[in-house]
Amino acid sequence: MANVTSYERPRRGILEGALSTLRSPLRPSGSLMDLKPQLGVQEEIPVDQLYQAIINSEHRNEVDRLNPWIQNKEGSTAWGPVQILKGTMEEARRVGNLTAEESDYVDRYKTDQQTVDPNDKVLYTSIAKKLLQYYMDKYQDPLKVADVWRYGERGSRTQSVVNDDKPYWEEFRKVMGL
């Protein structure tokens with residue numbers, strides 16, 4: 001487990017860390033963020049492609065793509081590259097076959113102790129990908145998975161893919177090749 005003695009409260013859309021991000025392998029390349037080396041994202045693996053599609057859909061402007069480790073600007077608890085809600089993080093514990101370290105991260109996440117520590121970034125990504133894989137296995141449809149990711153299983157609406165936030169769905173479809 002990472003030796004974290006203090007936790008950094010996430011900031012809303014601030015460019016903090018953007019300059020160091022520009023010098024790191026986590027900087028954007030083209031229209032996709034290059035997360036592959038540090039976070040194990042591989043486009044040829046469907047869940048990794050799904051993870052990348054959600055990142056790009058959630059962070060459509062270049063400023064947010066420089067530093068996707070931000071809290072939702074609309075006041076929700078969503079945070080990070082794929083904008084995980086506290087409730088979604090708890091859902092990951094129920095379905096995700098989490099390691100002890102990942103489970104500890106879920107506890108910290110739920111108490112607003114999200115950090116930009118490199119180990120926490122890896123844990124966040126691992127948990128998100130496990131949950132996305134669970135949804136992909138369950139629904140077998142990337143559009144349905146993205147809809148559930150945005151609105152939850154109870155709030156998921158089949159028409160949302162067609163009717164709301166068209167730029168989100170256009171970006172999602174582009175990255176997924178749909």
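Tutor: Let us begin with a term. A residue is called buried when its relative accessible area is under 20%, exposed when it is over 50%, and partly exposed in between. The model shown here is predicted. In this model Lys-130 has a relative accessibility of 26%, so it counts as partly exposed.

Student: How much of the protein is buried?

Tutor: Of the 178 residues in the protein, buried ones make up 44%. The protein exposes about 8900 Å², and carbon and sulfur atoms supply 51% of that area.

Student: How many helices and strands does the protein have?

Tutor: The protein has 10 helices and 2 strands. Along the sequence they follow the pattern α-β-β-α-α-α-α-α-α-α-α-α.

Student: How should I read a salt bridge, and which residues does Lys-130 meet in one?

Tutor: The general idea is that a side-chain nitrogen of Lys or Arg lies within 4 Å of a carboxyl oxygen of Asp or Glu. By this rule the count comes to 10 salt bridges. In one of these, Lys-130 pairs with Glu-102, and their closest N and O atoms are 2.7 Å apart. Glu-102 lies in helix α6 (residues 100–110) and Lys-130 in helix α7, so the pair ties together parts that are 28 residues apart in sequence.

Student: Why does Glu-102 count as buried?

Tutor: Glu-102 counts as buried because its relative accessibility is 4%, and the limit for that class is under 20%.

Student: Where do the partners lie in the salt bridge between Lys-129 and Asp-48?

Tutor: The side chains of Lys-129 and Asp-48 meet at 2.9 Å, N to O. This pair links distant parts of the chain, since Lys-129 is in helix α7 (residues 118–139) and Asp-48 is in helix α3 (residues 46–58), 81 residues apart. Both Lys-129 and Asp-48 are buried.

Student: What of the salt bridge between Arg-94 and Glu-91?

Tutor: The closest N and O atoms of Arg-94 and Glu-91 are 2.7 Å apart. Both residues lie in helix α5 (residues 86–95), 3 residues apart, about one turn of the helix. Arg-94 has 56% relative accessibility, so it counts as exposed. Glu-91, with a relative accessible area of 17%, is buried.

Student: Which residues touch the most other members of the largest nonpolar core?

Tutor: In soluble globular proteins, nonpolar side chains tend to be buried together. Here the largest nonpolar core has 35 residues, of which Val-82, Tyr-124, Trp-149 and Phe-172 touch the most other members. The elements giving two or more residues to this core are α3, α5, α6, α7, α8 (142–155) and α10 (166–176). The largest share, 8 residues, comes from α7.

Student: Which residues is Phe-172 in contact with?

Tutor: Leaving aside neighbours within four places in sequence, Phe-172 is in contact with Leu-50, Ala-53, Ile-54, Ser-57, Pro-142, Leu-143, Ala-146 and Leu-178.

Student: Where is Gln-83 placed, and is Gln-83 buried or exposed?

Tutor: Gln-83 is in the loop between α4 (62–66) and α5. At 10% relative accessibility, Gln-83 counts as buried. The side chain of Gln-83 reaches the backbone oxygen of Ile-70 at 3.2 Å. Beyond neighbours within four places in sequence, the contacts of Gln-83 include Glu-58, His-59 and Tyr-124.

Definitions and conventions. Residues numbered from 1 in each chain as written. Predicted model: local features only at pLDDT ≥ 70, side-chain atom pairs only at ≥ 80, totals over all residues. Heavy atoms only, no water. Helix = DSSP H or I, 4+ residues; strand = E, 2+ residues; numbered from the N terminus. Buried < 20%, exposed > 50% of the residue type's maximum accessible area, 1.4 Å probe, protein only. Core = buried A, V, L, I, M, F, W, Y, C linked by side-chain atoms within 4.5 Å. Contact = heavy atoms within 4.5 Å. Areas by Shrake-Rupley, 256 points an atom, 1.4 Å probe, with all protein chains shown as cover. Polar contact = N/O pair within 3.5 Å; in protein donor to acceptor, adjacent residues only side chain to side chain.
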